[in-house]
Amino acid sequence: MNEYKKYCLDCSIELNENNQKSYDAKSGYKVCIPCAKIRSKKKSDKRKNDPNNNTPEAIESQRIIRVNRINKHKKELLDAYGGCQCVCCSENNFELLTLDHKNGGGNEHRRELKKEGHITIYRYLRINNYPDKDKYQVKCLNCNAASGLWGICPHEEERMVEDFKNKSSKWFKR
């Protein structure tokens with residue numbers, strides 16, 4: 001059986017599944033990993049040296065595109081895990097909302113994903129189609145930080161005290 005051999009477009013070394021990188025997905029062209037890094041560096045340098053890319057308007061335009069993309073992905077994530085509202089205090093300001101590990105362990109989870117090469121938990125969840133919906137909840141930054149620092153959010157503590165007062169008031173009427 002004759003197997004078609006592929007060679008790097010730049011340096012002509014024979015490619016195998018361990019040393020190749022896709023150059024053009026549509027055409028199927030491949031290059032070796034060192035050549036792919038060189039191509040990427042050249043492309044990056046060209047972009048940096050392009051006078052049209054370094055104008056304040058171009059920089060602002062790129063920033064707006066990046067922020068819109070990030071916000072779009074964040075909205076999808078929040079919708080997947082309960083909507084755009086804090087489960088504790090009902091805060092609904094989009095910029096203040098974040099994802100919380102219900103049973104703690106966020107730092108450990110982040111370290112684990114970093115070892116596997118993932119950039120952020122948000123990206124990991126998006127790539128994996130938002131798994132484990134029972135492990136995460138939407139909280140505002142204040143409630144999430146308070147839960148992480150003190151183990152309980154002041155809103156939850158207030159509700160617990162209020163519930164205790166309501167339940168015990170029938171026993172302690174004067």
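Colleague: Which side chain does Lys41 meet in a salt bridge?

Modeller: Asp45, with N to O at 3.1 Å. Keep in mind that this is a predicted model.

Colleague: Where do Lys41 and Asp45 lie?

Modeller: Both are in helix α1, residues 33–49. They sit four residues apart, about one turn of the helix.

Colleague: Is Asp45 buried or partly exposed?

Modeller: Partly exposed, because its relative accessibility is 27%.

Colleague: OK, how many salt bridges does the structure hold?

Modeller: Seven. Among them is one between Lys139 and Asp100, where the closest N and O atoms are 3.8 Å apart. Lys139 lies in strand β6 and Asp100 in strand β5, so the pair ties together parts 39 residues apart in sequence.

Colleague: And are Lys139 and Asp100 buried or exposed?

Modeller: Both are buried. For Lys139, the relative accessibility is 3%.

Colleague: Which residues are linked with Lys139 in a network of salt bridges?

Modeller: Asp100 and Glu156. Lys139 and Glu156 come within 3.4 Å at their closest N and O atoms. That pair links strand β6 to helix α6, 17 residues apart. Glu156 is partly exposed, at 26% relative accessible area.

Colleague: Switching topic: which residues gather in a patch of negative charge on the surface?

Modeller: Glu157, Glu158, Glu162 and Asp163. Glu157 is in helix α6, residues 154–169.

Colleague: Last one: what's the mean pLDDT of the protein chain?

Modeller: It's 82, and 87% of the residues reach 70 or more. Among the elements, strand β3 has the lowest mean, 69, and strand β6 the highest, 92.

Methods. Residues numbered from 1 in each chain as written. Predicted model: local features only at pLDDT ≥ 70, side-chain atom pairs only at ≥ 80, totals over all residues. Heavy atoms only, no water. Patch = residues over 30% accessible without salt bridge, like charges linked within 9 Å, V, L, I, M, F, W, Y side chains within 5 Å. Areas by Shrake-Rupley, 256 points an atom, 1.4 Å probe, with all protein chains shown as cover. Salt bridge = Lys/Arg side-chain N within 4 Å of Asp/Glu carboxyl O. Lys, Arg positive; Asp, Glu negative; His and termini not counted. Charge placed at Lys NZ, Arg CZ, Asp CG, Glu CD. Helix = DSSP H or I, 4+ residues; strand = E, 2+ residues; numbered from the N terminus. pLDDT = per-residue confidence, 0-100. Buried < 20%, exposed > 50% of the residue type's maximum accessible area, 1.4 Å probe, protein only.
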